[in-house]
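Here is a short report for a reader who is new to this structure. Please look at the sequence and the model first.

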Amino acid sequence: MIMSIKRFISAMLFITVLVMGVNASVLDSLSYDVRLGYALGGTIPTHIGKEIRGINSYYPGFNFTVAAEASYPLDQRWSLHSGLRFELGSMDADSRVKNYDIEVVRGDESLKGIFNGNVRIKSAQRRITLPIQAEYRISDKWTARCGVFMGWLTNRRFWGWAYDGYLREGTPVGPKVEMGTEPGDRGDFDFDANMRHMQWGIDGGIDWRFSRRWGAFAEVTYGFSNIFKSDFHSVQPLRPLYGTLGIIYRIK
Amino acid sequence: MQKYWLQIAAATDKMTNFANLKQSFYMCGFSNKMRFPVIFAGCLVMMMLCASCFGDEPDGCEADIETVTLHVTSPDDFFFQATDSMQVVFSTDSVITFAVRGSADVSALSPVLTLSTGATVSPASGSTHDFSQGPVVYTVTSQDGKWQRHYRVHVVPTLVTVTDTLSFDFEHYELETSTQRYYMWYNTLPDGSLGNDWATANGGFRLSMSTAAPMDYPTTPLAQGYEGAAVCLTTRDTGPFGRMANKRLAAGNMFLGTFDLRIAMSDHLHATRFGIPFTDRPDRFTGYYTFEPGPTVQDFYGNPIAGRTDSASVYAVFYRNHDAAGNEVVLYGDNVLSSSQLVAVANLGYVAPTATWTAWDVKFEYREAVDEQLLANRGYSLAIVFSSSASGGDFVGAIGSRLCVDKVRLICKHEE
C-alpha cells in the first residue's frame, strides 16, 4: 500500500516535470492559484440501467476540495492547466430497483441473486487528483477548461443495504427471500476492500475571475474507471460523477 | 472525441521542449480555436446525459404461480373447509396439492392461477382439465421469456382414514434437489407412499452459510440411530452474516408443518408454520432421544451466560386450524404453546441431558372436547416440534447443543 502510494507520487512528479519543468523559463510564465470547492455528486452506474427505477433520496456528504493549480500560457488564448487536488467525497443514495443483480459477501460466505426493492448506498473516500487540462480564455474574466485526471484513493468506504423488497436467491426462479427494513432483517453489504485505488477520467470547468485575486469556478468530473476492481461483480460497475463549486485565489 | 485525449497523451510522451508542445497541441486538432468550447460543451452534455435518464422498465424475469383457486358449484360438498379453495404457493414449491372430499368429482376442474407480473402460463389459467388421471403440469414463462418453471397441480380426493399409531422413523432423507446443500426428510404415509410433512429450517441456514457442508447444517441425519437412521438437531453458529444480523445461532429444528423461506430473514418466528391437518385424536406421544447441551449458553449478543445449561424442546400440539370467523389459523414459533386455538398439548418439558438413547412417553392433555364433525372436516392440525435449543427462536442457546430423536410414535385414541 505504502509502496503503491510512493509509486503513484513518483509518477505524478514525473509527469509534472515532463509537462512543466522542461524549460526553466516555463516557471516564469506560470500563474498559480489555490482553490477551495464543495462538490455535489457521487458514483453512478456506468449507464443508469433499466434496473434502477427511481431515486428515493440523495444526500451529498461533506465534500470539500482543496487544490493548488497552475497554468502555463501557450498563446493568447490557450494555456495548459494542472495541479494537485485533495478531495473528500461522500454520498448517501437511496434508490428503487427492479431485477437488480446483487451479491452480499461477508467473509467466505455470500448470498447472491436478483433483488427487487430498495437499495441504500453510502460511500466515502479521500482522493488525491492530478488533472491535466487545456484552458481556453474566453474573455478577461472567463476561462473554460477541459481535460483528463488521474486520482488515487487514500481512504475508501462503500457500504449499504438492500431493504424493503425481496431477493430471488441465485436466479430469478430461485427461492424468494424477503428483506425487511431494520438491521438484521435486511441485506447489509460492505465493499470497502473491493474498491480500486486508482481512478481516471475527464473533467471540465469554467473559471470566473471577478477581481485581480479572487474568482469562482464550477467543475464537472466524470470517472471512466469503475470504482470497483475488475474481478468484483457484486453490484454493477459504478463511476464517479460530481460537480464542484468553489472559489479561487490567485497567487501569481 | 476520446481520440483527442489519446493524441494529447501521445504528444506529451514525445515532446522534448515547449515549442514542440505547442506544435503538437495544435497539430492534434486544436488549431481551430472555436473547437474548444464545442468540445467542452460536448463533455458537459455527455455527463448530464449519463446521469439523467432512466431506461424503460425492464421486463419481469420471474415465473411463479403465486396462487391457485378452484371454483366449484357446491364448495361445501367439494372442500373440507371453505378456505381450501385457494392456495398461496411458496416460491420453493413446485408441487401444489388440493386435498378434497373423497366424494368430490375431479374430472373437470378449471384452476384459476395468478402469476408473477407479466408471466404467461400453458395450459392457460381457467382451462378445464381432468384431475382424476393424476396431476396437470403447468409451465410458466417469465415476461422476458428467459425463465421457465414447471408446476404439478394435484387435486386428490382424500378419504379420512382412521389410524391407531403414526410412526416416524426418519429413514427416508435425501439432499434437497435444487441446491444439493442440505438434507430433507420424507415420512411414510399410511398407504405406504412418502409424504413431505417434516420441515426444517435448513433452507434458512443456507442463506447465511452458503459454504457449509450438508452435515454441518442444523438438521442432519444420523445413520446409526436407536433403530436404523435417526435425525440429529444441532445448534450451529451462523457465521459472519449471523453476527452482522444479530442472529448468531441457529437451533436445529424439525417439525410437522412447512418452513416459509420467504420470511426466514425478515420475520423468522413466522417462517416456522407448525402443523398439518390431522383427523384422529392424539393420545400419547412417544419416542427415543439423546441430548447433549453445548458447553456455553450465549445471549442474543453472543455473550456467554455463566452457570446456565442449554435446554431442548420436545413437544406435540393439537389445535383448531380455523378461528371462530372461519379464517385459517397456523401456529408459529411465537404462539405454538400459548395460542387459544390449542386443544391438546403433549410436552416433554425438561429434556434431561443423556448420551444414551432414552425413551419418552407423554400423554396429551386436552383443554377442550374434540368436535367430531370438525375432526372429519380436517379442522384440526397436529404439530410435532423438536429443537436443540428451546430459546433458539430468540437466538439464545449453546452452540453445539445436540438433540437426536428416533422412533417417534403418535398413538391415537378412538371413541369406544
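## A hairpin in chain A

β3(A) and β4(A) form a hairpin, with 4 residues between them. Helices (H or I, at least four residues) and strands (E, at least two) are DSSP runs, numbered from the N terminus. Strand β3 covers residues 64-73 of chain A, and strand β4 covers residues 78-106 of chain A. The two pair in the antiparallel sense over 9 bridges. Two strands pair if DSSP finds at least two bridges between them. Within this pairing, S71(A) stands opposite H81(A) in β4(A).

The model is predicted: local features need pLDDT of at least 70, side-chain atom pairs count only at pLDDT 80 or more, and totals for chains, interfaces and linings use all residues. Residues are numbered from 1 along each chain as its sequence is written, while chains are lettered from A and ligands numbered from 1 in the order in which they are written.

## R213 in chain A

R213(A) lies in the loop between β9 (198-209) and β10 (214-223) of chain A. R213(A) counts as exposed because it has 11 C-beta neighbours inside 10 Å. The cut-offs are these: a residue is buried if 20 or more other C-beta atoms lie within 10 Å of its own, exposed if 12 or fewer, and partly exposed in between, with C-beta atoms placed from the backbone.

R213(A) is in contact with Y249(A) and R250(A), leaving aside its neighbours within four places in sequence. Contact means that the C-beta atoms of two residues, placed from the backbone, lie within 7 Å. R213(A) and D33(A) are 180 residues apart in sequence. In space, C-alpha to C-alpha, they are 8.9 Å apart.

## Chain B as a whole

Chain B has 7 helices and 28 strands. Of its 416 residues, 38% count as buried. Among contacts in chain B with a separation of 6 or more, 67% come from residues 24 or more positions apart.

The domain assignment of chain B gives domain 1 (2-52), domain 2 (58-159) and domain 3 (160-413). Such bounds come from an automatic or database domain assignment. The C-alpha centres of domain 2 and domain 3 of chain B lie 29 Å apart. Their contact takes 8 residues from domain 2 of chain B and 12 residues from domain 3 of chain B.

## A sheet in chain B

An open sheet of 3 strands in chain B has the order β2-β1-β4, with antiparallel pairing. Its edge strands are β2 (86-88) and β4 (112-115) of chain B, and each pairs on one side only.

Strand β1 (residues 65-69) of chain B pairs with β4(B) over 4 bridges. There, I65(B) has L115(B) as its bridge partner.
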